[in-house]
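Dear colleague,

Please find the structure below, handed over for your files.

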Amino acid sequence: MPPKRVSHIKPEDPPEPLEVRVLKRWIPYFKNKEKMIDLCYILVDIHGDAIEAVADVTKAEYFDSLINVQHCYTVDKYVSSPQRQYMPSVPHVASLKIGKRATFTPLLDEDIPTYYYNFATYDDLAPRMKPPKLLTDYIGRAEEVSPIMFRNGKKLRKIIIQDQRRNEIAVTLWDEKADMIETKDIIGKVFAITATMVTYFKKLQLESTTSTTIVINPLIPDLQTYVNRFQELVPLTEQRASLNHITIAKLKKKIYNKTAQQGHYTCTARITEIDESRTWFYVKCPKCGMTAFQEKDRYVCLDDDIEEEEPIFKYCLNAKITDNTDSTEAVFYNEALNDIVNLSCRDMVMNLRNRNPKVLPDKITSTKGEPKLLHITVKNDNSIAVNKAENPRTIQPATLDPKKPATKRTLPQLSGPKVQ
């Protein structure tokens, strides 16, 4: 008798043997609960259908000795119950409750899928902010990656992706999930993320949960289809550059008229003066995000012991920028100055031994006069932030000639490993 299909399970059904692969193990965390109570798994069968299995977290040691992620089992003696009522990760009417009576018999079956995705569309997102707040899998092309940041003592990283319908989605990776993306090598590649929570701040966005995973160029049958679609998308940086390229004179006028806030702009300009009375870098504790203080050849935090950890070095340069229309003050943040000097702040300070934040290195002062395409934003206090810098290029007009064929952009060479 063939095993029961996962998709056929209904609440209160008597148990029948299932042949599945265990894809994921996690412990959900909910702010409104004092402690974690569930130990969760995702099981997938030969047909690619998935279901959650839920155990008592106090039995975690027992189940960890019984169940291994990515192993296959014949599962029986479970209890079929309704789907979890809050933040389920699979759109199924049922879930499995498992206790010590449940059996997990090892099974050799290489044909059971090693992944499960249920990618949502942009139109699916808004309804998922309402109960039961189904967790969301999403796929897009990675466009921007922020450095590690801290907010209220919590570590985070922002990823901007563009989906196949040209929707721009911000993804926030919290705590240890922020370390899953370590470099900018993912930009332009297919970005698949699972089990995110849909939230809203000015627009729809996604936030990681304890069960979130990320795979770059996932090895799925539809990968090439996604690659072909994403090749036709104009990168967000180019879209913004073509739509919002501006002169300094026009930018200052927008600021004066209070119409520049919340906008992204590009401006071709050069550094003409550097404020040497201000510091050009700062150092933060990798644990709490507060200021780290120099003690000879090391940095210390007032609250945390960071002897075994690397402090976080960030550029922050106050300068005057000039184009052929006007000049203005601007602050070059870490990524922008890193782009210009082609050296990380950590290496500039530690390896080149530029330890004094009020003494400018020659490598920075020598950049004065070099024209750069600056990616800028205007902050709420009307100060200008430079977030990225690159060599000038010809800015294409925002309106394309419909008689001309579209030029396809190629993605970087594909690779399939999971980002650790």
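Phe119 is partly exposed, because its relative accessibility is 22% (buried means under 20% relative accessible area, exposed over 50%, partly exposed in between, with a 1.4 Å probe and protein chains only).

The model is a predicted one, in which local features need pLDDT of at least 70 and side-chain atom pairs count only at pLDDT 80 or more, while totals for chains, interfaces and linings use all residues. Residues are numbered from 1 along each chain as its sequence is written, and side-chain values use heavy atoms, with hydrogens and water left out.

There are 9 aromatic pairs in the structure. Tyr117 and Phe119 are stacked, because their ring centres lie 4.8 Å apart and their planes meet at 15° (rings of Phe, Tyr and Trp, the last by its six-membered ring, pair if their centres lie within 6.5 Å; planes under 30 degrees apart count as stacked, over 60 as edge-to-face and the rest as tilted). Phe119 also belongs to a cluster that ring pairs form with Tyr115, Tyr117, Tyr226 and Phe230.

Two lysines have their charged ends over rings: Lys24 over Trp26, 5.8 Å from the ring centre, and Lys100 over Tyr62, 5.4 Å from the ring centre (NZ of Lys or CZ of Arg must be within 6 Å of the ring centre and within 35 degrees of the ring normal).

Cys285 is buried, at a relative accessible area of 0%. Beyond its neighbours within four places in sequence, Cys285 has contacts (heavy atoms within 4.5 Å) that include Phe150, Cys301 and Asp304.
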